Every structure is written in structure tokens, then in C-alpha cells.
Amino acid sequence: MSGEDIEVTNDGTGAGNYAYQLSDAGLAKVQSVVGTNYTVVLGGSGTVTIAQVVATTVLSDGGFTFDGTTKASEVTNLTASVVGKTVGLDSSDIDVTDDGSAAGDYVYQLNATGLAKVQSAAGANYTVRVGDTGTITIAKAQATTA
Amino acid sequence: MIVISPEQMPVTLSSGSLVYDGKTKASGAAVIATVNGEPLTLNDDDITVTNDGINVGTYNYQLNQTGLEKLQTLVGDDFTVVVGDPGTITITPAVVDVVLNDGSFTYDGNTAASAAKGLVATVNGTPVDLDNSDIEVTDDGVDAGNYAYQLNDAGLAKVQLVVGSNYQVSVAVTGTITITPASITAALSDGGFTYDGATKASEATGLTATANSQALI
């Protein structure tokens, strides 16, 4: 069937389910196929599903200089990017493996809160999945001598 | 003295007829007696009808004494009027039209119009049930549409039997058998595609409408 044979309720391009039914033209076409021995009546609606596109997050690397107290997870300059959207992350959005305040590289990934935040930014047309981990680097502090 | 006997003159009786009406006896028919070329219209006082009745059939009649005396008076004394052969009066059947009802059923792909149920011929207010042996259908078929039907010889005989011999059944207007289209429901497939930001749901491809397990469009 072509577009003129159907009528879609609230037709659109966004992901989701759309109910459709035969249009008058479509009904006439079906009637002409079955011939005069039958009267075609409309049944239940069909469904056209526009599926979400799967999008994978890209996490930035970030870091700060060792200060003896700030944990890697408290870094403030991380972002997650997906389908052209960039979302700023804070400590509530990420899980840091073996989090700590010592100098070194820490691996992080989005947690459920962070994923929801990115999903919200991407919108309903996308299903966001986490991609590769990012890295937080606590740089060694410059030692000073008395 | 010479006595001259009057010549005997026999009466010729006409044939009469009337159409059955359920009440008029054969003796009510208009008949004429003729003697020596003189006609006389007779009424029911003048004749005796054998087994007089109102039903269809042929009845013999003869002049009775009253009729004979009327004719004698008509011709005078020169002749002696005598009865001749009996006359006949025929009561013919009343013609009655058959009214055929209309029938219908829903198309099923194999039942012909002639197999319609509930067909009835009505004659004299009496309904007579008909089946497919009683009718002829013009261009009989199984497809939806209107079909004209009429009684065939068997159907006519059946109706004739119901009304009896006092009526002559006459086929009149045809009846109509309608095969109505069957209702068929169009089932729609589900379909879809992946979001691309531009294609509308109504532009989905591969959607089909199906009826009776047959994809239609």
C-alpha cells in the first residue's frame, strides 16, 4: 500500500507507534480487488512503528591536580556526548572504578543517573547506550622545598 | 272430419358459459332456446340443470315445463314444441394471478440464487412455499446481484393444486432473488522503520491489507 491508501493518526517522523487505517482510497482499492461479491469493512487499526536509533555515548577525559582530599569522582570538567549533544557531568552521574584522591588515572563510566541525563538530552528518537569508559587523571602536585 | 295434428317442432338449446365466481350456479348462465327460427332468452325458471352447482365443470340442462310453455306460446298453435337435445353450460375457472415474493441471502461462493430459502407464491391470499424445483431463475448464478425468477411448470402445478380446479393460475410479475455481498474485514499489517528524522509514519513501506487470508494490496 502507498501513503494515499492509508490514514495515519497524528502522522509524524518521531520514533513511536502510529495507528493507521485504510483511507477511502485504500478501501476502494481493496473493494475493487475482492469484487462485488464482498463488501469490505474496516477492521482493527494497523500499527507503524518508527524505531529509535541506537546512539552510543562518548565520554571526555578530565582531571585535576592532586590536593590530598579531592577524589577523582569529584572532578568538575567531564562531559558526555551523543548525537551532537554534550552534557556536563558531575559526581552523581558517574561511577569511578577504585575511586580515590591519590594521583593517577581513574576509569569512569556513566551510572544510571548519568545515562538518564544523556538520554534526556538525546530525546525520544534515540536509545542511548553507554560507550567506552573515560579517564580521570589526578596529576601529581609540584613538590616545593623549604 | 280431418284432424291435422300440429307438426312437432324440437327445441334447440344454446351452449352457455360463465366464469366461476364462488356463488353463481350454472343455472344462472344466459342461454337461448331456438324453435322454428325464433330465439327466446331463458332464465333459471325455464330450465332444469342436472346436478346444478357453482363449481367449474360442464353441466347439462334441459327445458322444464315452464320453459316449454313459454316456447309453445311463442310459436303458436301451428306447431307442437317438443324438447330436443340437452344443452350444456360450462363454468370456466377464474383466472388468478400469482404474486411471488422477493428473497435474499448472503453470498457464500457456492449457493445459487435458485437455492434461495423462503420463497413464497401467494395466490388468492394463500401462501405456497417454493423450493428450487418450483422455479426458474433467469441467468442463475452464485454471484452477488439481483436475479429474476418465475414459477416453472412444477411450481405452477403446485400452486394450481393449492387453489383447486375453480381457478386458473396465471403467472404474472417475476419475483426477485437478491444475493447480497458478504461482509469481509480488512486486516492491516504492522510495519515500521528506524527513525531518520525525515520519513513520516505514513511513508512506511511494505504495509498490506489482508482479507480471507489473501493479501489484497
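# Briefing on chains A and B

B:Asn132 counts as partly exposed because its relative accessibility is 46%, a value that lies between the 20% under which a residue is buried and the 50% over which a residue is exposed. The model described here is a predicted one. The points below begin with the surroundings of B:Asn132, then turn to the contact of chain B with chain A, and end with the strands that pair within chain A and between the two chains.

**The surroundings of B:Asn132**

- In chain B, the loop that links strand 13 (126-130) with strand 14 (135-137) is the place where B:Asn132 is found.
- Although 18 residues separate B:Asn132 from B:Ser114 in the sequence, their C-alpha atoms are 5.4 Å apart in space.
- When residues up to four places away in sequence are not counted, B:Asn132 touches B:Ser114 and B:Ala115.

**The contact between the chains**

- Chain A contributes 39 residues to the contact, and chain B contributes 30 residues.
- About 2,800 Å² of area is buried between chain B and chain A, and carbon and sulfur atoms give 62% of this area.
- On the side of chain B that touches chain A, strand 18 (182-188) and strand 19 each supply at least two residues, and strand 18 of chain B gives the most, with six residues.
- The residues on that side of chain B comprise 16 nonpolar, eleven polar and three charged ones.

**Strands that pair across the interface**

- Strand 3 (residues 38-42) of chain A pairs with strand 18 of chain B in the parallel sense, over five bridges, and within strand 18 it is B:Ser183 that stands opposite A:Thr39.
- Strand 4 of chain A and strand 19 (residues 191-194) of chain B also run parallel, joined by four bridges, and the bridge partner of A:Ala51 in strand 19 is B:Thr194.

- Within chain A, strand 4 pairs with strand 2 (residues 16-22) in the antiparallel sense over five bridges, and A:Thr47 in strand 4 is the bridge partner of A:Ala19.

Technical notes: Residues are numbered from 1 along each chain as its sequence is written. Chains are lettered from A and ligands numbered from 1 in the order in which they are written. This is a predicted model: local features need pLDDT of at least 70, side-chain atom pairs count only at pLDDT 80 or more; totals for chains, interfaces and linings use all residues. Side-chain values use heavy atoms; hydrogens and water are left out. Two strands pair if DSSP finds at least two bridges between them. Buried means under 20% relative accessible area, exposed over 50%, partly exposed in between (1.4 Å probe, protein chains only). Contact means heavy atoms within 4.5 Å. Buried area is the accessible area (1.4 Å probe) that two parts lose on being put together, summed over both. Ala, Val, Leu, Ile, Met, Phe, Trp, Tyr, Cys and Pro count as nonpolar, Asp, Glu, Lys and Arg as charged, and the others, Gly among them, as polar.
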